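The sequence and the model are shown below.

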Amino acid sequence: VEPDVVIYNSVINSHARCGSAQEAKQWLLRLTAAGLKPDERSYNCLIHACAKIGAIEEAEDWVARMESMGCAPDEITYGSLLNACAKGGDVDRAEYWIEKMADN
């Protein structure tokens, strides 16, 4: 049985919840290497992993990749970005993302 996107997302989410952003990233790369297309949940789990460790720039990079792949950020995406900003102590960036969220 070949794993599908749902199975990969479960593993990515498990690593995200543990704050293991690098492991979550590796599993997302495995998902794509398997010829599968990441979905919003795939990216949101990875962005959440970045948020847990305060990696604001990395979270923002994943949002850009998400959008370039045709996946639109949602309230979960923005919530994770705001958490990354809070963890990283960057109020200005948090305000930027709130404004961007309001524009969408």
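Helices are DSSP runs of H or I with at least four residues, and they are numbered from the N terminus.

The model is predicted: local features need pLDDT of at least 70 and side-chain atom pairs count only at pLDDT 80 or more, whereas totals for chains, interfaces and linings use all residues. Residues are numbered from 1 along each chain as its sequence is written, and side-chain values use heavy atoms, with hydrogens and water left out.

Asp90 counts as partly exposed because its relative accessibility is 22%. On this scale, buried means under 20% relative accessible area, exposed means over 50%, and partly exposed lies in between (1.4 Å probe, protein chains only).

How many salt bridges does the structure hold? There are 3 salt bridges, each defined as a side-chain nitrogen of Lys or Arg within 4 Å of a carboxyl oxygen of Asp or Glu.

| Glu57 | Arg93 | 3.9 Å |

The salt bridge of Glu57 with Arg93 ties together parts that are 36 residues apart in sequence, because Glu57 lies in helix α4 and Arg93 in helix α6.

Glu57 counts as exposed at 53% relative accessibility, and Arg93 counts as partly exposed at 24%. Glu60, at 16% relative accessibility, counts as buried.

## Aromatic pairs and charges over rings

A pair of aromatic rings is described by the distance of the centres and the angle of the planes. The structure holds 4 aromatic pairs; rings of Phe, Tyr and Trp (its six-membered ring) pair if their centres lie within 6.5 Å, and planes under 30 degrees apart count as stacked, over 60 as edge-to-face and the rest as tilted.

One of these pairs is formed by Tyr43 and Trp62, which are tilted, with 6.4 Å from centre to centre and 45° between the planes. Tyr43 lies in helix α3 and Trp62 in helix α4 (residues 56-68), so the pair ties together parts that are 19 residues apart in sequence. Both Tyr43 and Trp62 are buried.

Tyr78 and Trp97 form another tilted pair, at 6.3 Å centre to centre and 50° between the planes. This pair links distant parts of the chain, namely Tyr78 in helix α5 (residues 75-88) and Trp97 in helix α6 (residues 91-103), 19 residues apart. Tyr78 counts as buried at 4% relative accessibility, as does Trp97 at 6%. Together with Tyr96, Tyr78 and Trp97 form one aromatic cluster.

Charged groups also lie over two rings. The charged end of Arg65 sits over the ring of Trp62, 4.2 Å from its centre, and Arg30 lies over the face of Trp27, at 4.1 Å from the ring centre. The criterion is that NZ of Lys or CZ of Arg is within 6 Å of the ring centre and within 35 degrees of the ring normal.

Is Asn44 buried or exposed? Asn44 counts as buried because its relative accessibility is 7%, and its place is in helix α3 (residues 40-52). Leaving aside neighbours within four places in sequence, Asn44 is in contact (heavy atoms within 4.5 Å) with Met66, Asp74, Ile76, Thr77 and Ser80.

Arg17, in helix α1 (residues 5-17), counts as exposed at 60% relative accessibility. Not counting residues up to four places away in sequence, Arg17 touches His48 and Lys52. Arg17 and Leu28 are 11 residues apart in sequence, and their C-alpha atoms are 15 Å apart in space.

Note on methods. Helices (H or I, at least four residues) and strands (E, at least two) are DSSP runs, numbered from the N terminus.
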